[in-house]
Amino acid sequence: MVVKNAKLEATAVKPEQYPEKNLQEVVFVGRSNVGKSSIINSLANRKSLARVGSTPGKTRVINFYNIDDKLYLVDLPGYGYAGVSKTMKASWGNIVETYLNTRENIQLIIMLVDIRHKPTQDDKIMYEWLAANMVRHVVVASKADKISRSAIKPRLKEIKDALGVPDEVKIIPYSSENGAGRDELWTMIEESISGI
Ligand SMILES: Nc1nc2c(ncn2[C@@H]2O[C@H](COP(=O)(O)OP(=O)(O)O)[C@@H](O)[C@H]2O)c(=O)[nH]1
Ligand SMILES: [Mg+2]
């Protein structure tokens, strides 16, 4: 997929701030620091469309990136950052739940887990929600460049077992560093979006 125009179109904490254009949406969820902003840059082929590595837990907003006026890539606030207060956690839950429960144009949810780490309790809760809510989804094992090629398969299996991912749901190893997995993920995105 060649992206011609990519821009941050809206930043929201509540529905009134979501973009009004009814483009289909592909959503990224996962822990803080798992690589959500990086994968958006990688998919869009841009260096700094989304801000990478800002203080974990600090991004408490939903960012909507307009891709060629065809779809939005939506960057949700990350969960599981240890240093945040209860109030912050509650505000995260509220922002994310409201979006996931009310937004009708979500076509695909991409859940990121770090290929090097065991999924956490928060990851399990997130995946249970995805599995229970009948939303089309895919799991991406991020930072695949950080482990050896031979370690990839066993890591994917561990993630699959820990989250209880059924055979029909794909787990794609991805590297935003070198673009591994990009074509496969774009194919999945294109399959889930009509008219592109
Ligand atoms: N080596 C490597 N580092 C990555 C990759 N993706 C993200 N990172 C790094 O992980 C950190 C967090 O990434 P970021 O995209 O900000 O995560 P977010 O909090 O989920 O948005 C940054 O230092 C990134 O450079 C990847 O595929 N490979
Ligand atoms: Mg981010």
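Modeller: A salt bridge here is a side-chain nitrogen of Lys or Arg within 4 Å of a carboxyl oxygen of Asp or Glu. Please keep in mind throughout that this is a predicted model.

Biologist: With that cut-off, how far apart are the closest N and O atoms of aspartate 167 and lysine 160?

Modeller: The limit for a salt bridge is 4 Å between nitrogen and oxygen. Aspartate 167 and lysine 160 do form a salt bridge, and the separation of their closest N and O atoms is 2.6 Å.

Biologist: Is aspartate 167 buried or exposed, and what is the relative accessible area of lysine 160?

Modeller: Residues over 50% relative accessible area count as exposed, and those under 20% as buried. Aspartate 167, at 69% relative accessibility, is therefore exposed. Lysine 160 is partly exposed, and its relative accessible area is 21%.

Biologist: How many salt bridges does the structure hold, and which residues do shared partners join into one network?

Modeller: The structure has 8 salt bridges. Where salt bridges share partners, they join one network, made up of Glu9, Lys21 and Asp69.

Biologist: Which residue forms a salt bridge with arginine 103, and where in the chain are the two partners?

Modeller: The closest N and O atoms of this pair are 2.7 Å apart, and the partner of arginine 103 is glutamate 25. The pair links distant parts of the chain, 78 residues apart. Both arginine 103 and glutamate 25 are buried. As for their places, arginine 103 is in the loop between α2 and β5, and glutamate 25 is in strand β2.

Biologist: In the salt bridge of aspartate 114 and arginine 116, which side chain belongs to a buried residue?

Modeller: The two side chains meet at 2.8 Å, N to O. Arginine 116 has a relative accessible area of 32%, so this residue is partly exposed. The buried one, with a relative accessible area of 10%, is aspartate 114.

Biologist: Turning to the rings, how many aromatic pairs are there, and why is the pair of tyrosine 18 and tyrosine 99 called edge-to-face?

Modeller: The count of aromatic pairs is 4. The ring centres of tyrosine 18 and tyrosine 99 are 5.6 Å apart, and their planes stand at 80 degrees, so this pair is edge-to-face. The pair connects distant parts of the chain, with tyrosine 18 in the loop between β1 and β2 and tyrosine 99 in helix α2, 81 residues apart.

Biologist: How far apart are the ring centres of phenylalanine 64 and tyrosine 72, and which residues do ring pairs link into a cluster?

Modeller: For phenylalanine 64 and tyrosine 72 the planes are at 80 degrees, so the pair is edge-to-face, and the ring centres are 6.0 Å apart. Phenylalanine 64 and tyrosine 72 are both buried. The cluster linked by ring pairs consists of Tyr18, Phe64, Tyr72 and Tyr99.

Biologist: What is the relative accessibility of tyrosine 99, and which residues is it in contact with, its neighbours within four places in sequence left aside?

Modeller: Tyrosine 99 counts as buried because its relative accessibility is 0%. With those sequence neighbours left aside, tyrosine 99 is in contact with Tyr18, Glu25, Val27, Ile62, Phe64, Val74, Leu76 and Ile106.

Biologist: Is leucine 8 buried or partly exposed, and which residues does it touch beyond four places away in sequence?

Modeller: Leucine 8 is in strand β1. Its relative accessibility is 41%, so leucine 8 counts as partly exposed. Beyond four places in sequence, leucine 8 touches Leu49, Asn63, Phe64 and Tyr65.

Biologist: How many residues of helix α1 are buried, and which residue with a positive phi follows α1?

Modeller: Helix α1 spans residues 36-44 and is mostly covered, with 8 of its 9 residues buried. Among the buried ones are Lys36, Ile39 and Leu43. The residue that follows α1, its phi positive and near 60 degrees, is asparagine 45.

Biologist: How are α1 and α5 placed relative to each other, and which residues make the contact?

Modeller: The two helices pack at an angle of about 85 degrees, with their axes 10 Å apart. α1 and α5 are therefore roughly perpendicular. The contact is made by Ile39, Ser42 and Leu43 of α1 with Arg182, Leu185, Trp186 and Ile189 of α5. These residues divide into 5 nonpolar, 1 polar and 1 charged.

Conventions: Residues numbered from 1 in each chain as written. Chains lettered and ligands numbered in written order. Predicted model: local features only at pLDDT ≥ 70, side-chain atom pairs only at ≥ 80, totals over all residues. Heavy atoms only, no water. Helix = DSSP H or I, 4+ residues; strand = E, 2+ residues; numbered from the N terminus. Buried < 20%, exposed > 50% of the residue type's maximum accessible area, 1.4 Å probe, protein only. Contact = heavy atoms within 4.5 Å. Phe/Tyr/Trp six-rings, centres within 6.5 Å; stacked < 30°, edge-to-face > 60°. Axes fitted to C-alpha atoms, helices over the stretch in contact; angles between N-to-C directions. Parallel < 35°, antiparallel > 145°, perpendicular 65-115°, else oblique. Nonpolar A, V, L, I, M, F, W, Y, C, P; charged D, E, K, R; others polar.
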